[in-house]
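Please look at the model below before reading on.

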There are 2 protein chains.
Amino acid sequence: MEPAAIVLDLNQLRRSCGSCALHELCLPAGIGVADLQRLDATVKDKRMLDRGAMLYREGDKFDALYVVRSGSLKTFVQNEAGDVQILAFHLPGEIIGFDALASDRHVSQAEALERSSVCELPYAKLQQVASEVPALHRQLMRVISREVVEEHRHLVMMGRQQAQEQLATFLRSLADRYQRLQRDSTALNLPMSRYDIANYLGLVVETVSRLFSRMEEMGVLEVNRKSVRVLRPDLLAGLCRADAASKRKDAG
Amino acid sequence: MEPAAIVLDLNQLRRSCGSCALHELCLPAGIGVADLQRLDATVKDKRMLDRGAMLYREGDKFDALYVVRSGSLKTFVQNEAGDVQILAFHLPGEIIGFDALASDRHVSQAEALERSSVCELPYAKLQQVASEVPALHRQLMRVISREVVEEHRHLVMMGRQQAQEQLATFLRSLADRYQRLQRDSTALNLPMSRYDIANYLGLVVETVSRLFSRMEEMGVLEVNRKSVRVLRPDLLAGLCRADAASKRKDAG
DNA sequence: CGGTATATTGAATCGCGTCAATCGCGGTGG
DNA sequence: CCACCGCGATTGACGCGATTCAATATACCG
């Protein structure tokens, strides 16, 4: 698959979960030191992905979950006609692949947005360790549940917000995750294209482009292609809320 | 909480998972007979809910999952301003409450759409049994994963389809679930209001109403308030697909 | 340096939301 | 049993926001 040189690099890069910088964001969170070693043993060597490389495709047999270690990925579904809907963008520390648990086959696809690395967690091994380490099981369930909650946010964004609110919400969620990663949450780097952003929000690319321009005029952002500086986080937060009653309050 | 007479009824109605009609759709699916008894022991008495009654609210402490036994519920999130987004409608055999696993508190709400009954699965007990019955664990993971996949469908519907396609897709998904329940999938009974349907799809109630009328004119449906007859399932299926390239094919 | 994909901007169109009026069903009380 | 009331549902007229179509600008990559 990859040149031998790169494979060697990977082996060098191999680290234990215990010493990983993402430790607290990742599966090990809340797991004791002793059990950590057992989890550690299940992690296969990291995989490097070039920009545009697929981590898994729809229909692929499910055999592992993946933790984003560096870089970023997008996950999406695609129908027969080729239409794509992006489900999420994934930053370091985030775990992907849960869609396949139901049917043993992936029903979505994962693609690297830039050169990225992931830790592979073979599910059979993971399950075995989890059966002996209850804390790991709880943690696994928590992580899936977080994904469910995150999708709720996506649904609210698409269903109740208008375009500008959506983009503001998207940027804020990105900023929040930057903060968790100890990055400067006002200096966002957008690894995905405008098309990706538009697709994720259920809009067309022109609308997204116009909104970036408008927010720049308003003095909220400073946009420069993939680099976005948040000049006024307070204003950005304000743009997320629909002040007027949006569409419907309570469906009694 | 409830009158004593009703509580007595509940005790009478108490059935084991093994003899439940929903057996194959519910948590027990794929669990051996021996283990079934252990699962069975964790199920608390059923709860009856009148139309409009809340099963849980946002912020409630998480202590159980629930299986819809009869009737139907809606789950939704609500922001500070009171805006509601309906996440899903739940028919018999479906399990709800997974949103709370992440934080030990519910982040969504569940309300009965009609007089309904649910089986309560206290999570502490469930976890204990699951730790001794690996098959149950796998099944639990599968069920959550199904929820993730179902939300993907909801996202695609909202993000890529226009109003008429959305309503058609909604009706078809309902018909599919009717079929699983061995009900006549061409005679749909909509327990939720037009407001609920509109909210679920990210539309306003007038649009939904107009679409029902239009589909009736087209000869696809026969609509009578809450009762909808599907006259032409083939046409309905056709309405789900956006023939034209909808917004964006591949976000490469 | 040229070719191509990505991004921005403008003008015209249209689908859906908003506002408003009416209908029809279900529950209630006289 | 019927008149009344109230809420959910339907229908029409109108306006706005987002898409569509089209042109141009800018970055990226060989």
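1. Helix 7 of chain A gives the largest share of the surface near DNA strand C, 4 residues. A residue is near a strand if one of its heavy atoms lies within 4 Å of it. Helices (H or I, at least four residues) and strands (E, at least two) are DSSP runs, numbered from the N terminus.

2. This is a predicted model: local features need pLDDT of at least 70, side-chain atom pairs count only at pLDDT 80 or more, and totals for chains, interfaces and linings use all residues. Residues are numbered from 1 along each chain as its sequence is written, chains are lettered from A and ligands numbered from 1 in the order in which they are written, and side-chain values use heavy atoms, leaving out hydrogens and water.

3. There are 18 residues around DNA strand C, and A:Arg194, A:Arg210, A:Ser213, B:Ala163 and B:Thr207 come nearest. Of the DNA strand C atoms within 4 Å of the protein, 64% belong to sugar or phosphate and the rest to bases.

4. Polar contacts are pairs of N or O atoms within 3.5 Å; within protein, one must be able to donate a hydrogen and the other to accept it, and residues adjacent in sequence count only if both atoms are side-chain atoms. An N or O atom in the side chain of A:Ser213 is 2.2 Å from a phosphate oxygen of DNA strand C. For B:Arg210, a polar side-chain atom lies 3.0 Å from a base oxygen of DNA strand C.

5. Strand 7 of chain A pairs in the antiparallel sense with strand 4 (residues 73–78) of chain A over 4 bridges; pairing requires that DSSP finds at least two bridges between two strands. A:Ala112 in strand 7 of chain A is the bridge partner of A:Leu73.
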